[in-house]
Amino acid sequence: MKFHTRWLLGISLLGGLQCFPASAESAFSWHGFLSQGVSQSVHSDFVSDNGDVSFNLTELGINMRYDVNASLAFVGQAVYLDGGNRFEQGGRLDYLYLDWRLPEFSNATLNVNVGRFKNPHWLYSATRDVPQTRATIILPQSLYFDNFRDVALGSDGVLLRYYHAAEEGSFRVNWSYGKSPMSTFQTKALLGEFAQGELEQDFAHQFSAYWQSASLSWQIGVSYLDSDFTYNPAAVDFYVAAEREVQLYTISVAYFAENWEFATELQRNHRIDQGGYAPDYMVNQQGEGGYVQLRYRIAPSYTVTTSYDMYISDREDRDGEVLEAMTGGMVPAYYGFEKTIAVGLQWDPAPHWRVQAEHHWVHGAGRLTSLPSSQNTPETKEHWRMWAMQVMYWF
Amino acid sequence: MSALSKIGFCFCNKCFSIRVIAVCLLLCVCLPVKAIESTVIINNGVEKRQFSRTDIRNIFSARTQYWSDGAKITVYVLDAQTEAHKDFCREMLKMFPYQLERMWNQITYSGQGERPQTVATEAELIEAVKNTPGAIGYAYHTSALENVREVAIP
């Protein structure tokens with residue numbers, strides 16, 4: 001979709017909906033967001049192939065909720081996203097589910113969501129595509145890997161959300177089971193440009209538990225993900241049949257003070273690949289990553305953010321030298337890790353409006369999917385940087 | 001001559017008075033300004049009588065969206081930048097206004113519920129609570145309250 005076409009669509013949508021505001025006590029409610037930005041990755045194809053300044057930073061979304069009664073609701077959100085090379089450009093049905101709320105007992109609630117739901121398991125995962133809910137335009141890639149956005153964001157299946165509130169703090173438990181459809185973009189993001197077959201996610205099984213102190217100063221959580229993938233090769237294909245098993249273990253901690261806040265998420269992954277390059281090919285490795293992030297409100301409308309993000313694809317090859325040796329030098333060692341320092345500024349000039357800008361300095365290319373091969377030479381150098389600026393409005 | 005006088009501290013009446021005034025001014029700046037005391041108000045038709053602080057927090061953070069009789073809760077608040085809203089968040093909900101805003105955004109944009117309605121003035125807020133079945137809000141000029149019920153929080 002062309003730049004002006006997508007914006008005409010967004011503005012028409014906004015104008016049309018603003019003409020029909022939902023009344024306060026209505027069973028139907030809707031909200032949305034519009035954002036446009038500009039970004040550039042220098043010495044890397046993270047945003048664009050040629051490293052030029054790119055306006056491919058558009059996020060539009062509209063959601064609705066219809067409460068049938070106190071215990072049943074239909075909920076949905078559609079988005080249009082364009083992040084350049086970061087994820088697949090286009091419209092998506094972000095979520096569409098039936099929200100069934102069981103009767104409350106002893107300050108505890110249980111919701112059962114059936115359909116396409118958003119994963120609530122990490123700090124930002126439930127709203128990672130909603131620009132005004134993010135601390136930075138580009139989230140820490142160790143956990144919020146953009147190329148894998150659609151699979152990580154949600155699933156088609158069932159989600160249980162338990163919430164218990166008490167004077168001494170609140171406790172939240174989420175459990176989900178489902179699978180995500182895999183697009184050609186996702187297949188190539190995981191397996192490379194030359195994959196001709198179909199990749200399927202067999203299942204994604206996730207669990208998370210969060211505790212928040214009574215003062216709401218602390219939020220501490222743990223989460224677990226278990227997922228299997230199967231690759232069915234095409235009749236003529238670079239790859240043979242393959243399977244991948246992935247487990248993710250994550251710890252999330254956030255601290256909130258009046259003018260500053262701190263957040264960190266640490267993750268370890270365990271991956272077993274069988275097949276792919278050859279029927280007897282097998283990889284069994286553990287990677288790890290995480291980020292620390294500090295935000296400070298320098299004035300009521302201004303917030304500065306700084307973060308350090310780190311990802312290692314193989315804990316036993318932290319500098320990527322084994323990776324380079326195994327591929328005969330075709331894949332440079334710096335594709336085995338990625339370390340990023342970022343600084344950003346948020347400005348809220350008016351209610352529901354935000355301007356956000358940031359700069360990232362990156363060492364390594366472990367979170368890029370454009371892997372070097374005999375027929376592909378990506379642009380990303382060992383040290384690269386990117387910046388982005390975005391204006392957003394939400395209602 | 002005392003040790004303090006030796007290092008430049010004069011204890012004549014004039015200097016002492018100036019220091020006392022300076023200390024008082026400093027204390028005025030450093031001590032917190034008294035918070036705006038607000039009270040939770042609900043529509044007269046709401047049946048629930050007893051509220052804990054957890055109940056109030058769950059309602060204003062949009063986690064509880066229906067009364068126990070199945071009626072929809074409509075929450076009214078003032079703009080997030082007003083002192084009344086900031087004080088309500090700190091004193092009643094025991095959280096910072098930006099935390100509340102985050103919770104609303106998370107709940108709203110992941111489809112889990114509806115954020116509160118924002119109104120411009122306290123008079124509008126009281127009027128909205130009065131006229132909307134199942135509504136809840138807050139007020140700080142309690143003498144102006146008519147046809148809404150004040151909620152006592154233990």
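Two residues are taken to be in contact if their C-beta atoms, placed from the backbone, lie within 7 Å. The structure is a predicted model, in which local features need pLDDT of at least 70 and side-chain atom pairs count only at pLDDT 80 or more, while totals for chains, interfaces and linings use all residues. Residues are numbered from 1 along each chain as its sequence is written, and chains are lettered from A and ligands numbered from 1 in the order in which they are written.

Chain A holds four helices and 16 strands; helices (H or I, at least four residues) and strands (E, at least two) are DSSP runs, numbered from the N terminus. Its radius of gyration is 21 Å, close to the 21 Å that the globule rule gives for 395 residues, so chain A is as compact as a globular protein of that length. Here the radius is taken over C-alpha atoms, and the rule is 2.2 Å times the number of residues to the power 0.38. Along the principal axes, the C-alpha atoms of chain A fill a box of roughly 65 × 40 × 40 Å. Of the 395 residues in chain A, 42% are buried; a residue is buried if 20 or more other C-beta atoms lie within 10 Å of its own, exposed if 12 or fewer, and partly exposed in between, with C-beta atoms placed from the backbone. Among contacts in chain A with a separation of 6 or more, 58% link residues 24 or more positions apart.

One residue of chain A can be followed in detail. A:Glu245 belongs to strand 10 (residues 242–256) of chain A and is partly exposed, with 15 other C-beta atoms within 10 Å. Leaving aside residues up to four places away in sequence, A:Glu245 touches A:Asp228 and A:Ile272.

The two chains meet through 25 residues from chain B and 29 residues from chain A. On the chain B side, helix 3 (53–60) and helix 5 (97–109) each supply at least two residues, and helix 5 gives the most, with five residues. The chain B side divides into five nonpolar, 14 polar and six charged residues. In this grouping, Ala, Val, Leu, Ile, Met, Phe, Trp, Tyr, Cys and Pro count as nonpolar, Asp, Glu, Lys and Arg as charged, and the others, Gly among them, as polar.

After helix 5 of chain B comes B:Gly111, whose phi is positive, near 80 degrees.

Chain B also contains an open sheet of five strands in the order 3-2-4-1-5, with mixed pairing; two strands pair if DSSP finds at least two bridges between them. Strand 3 (117–119) and strand 5 of chain B stand at the edges, each with a single partner strand, so one side of each is left without a neighbour in the sheet. Four of the five residues of strand 1 (residues 39–43) of chain B are buried, so this strand is largely enclosed by the rest of the structure. Strand 1 of chain B pairs in the antiparallel sense with strand 4 (residues 135–139) of chain B over four bridges, and B:Ile42 stands opposite B:Ile136 in strand 4. Four bridges also join strand 1 of chain B to strand 5 (residues 148–151) of chain B, again antiparallel, with B:Val151 as the bridge partner of B:Val40.
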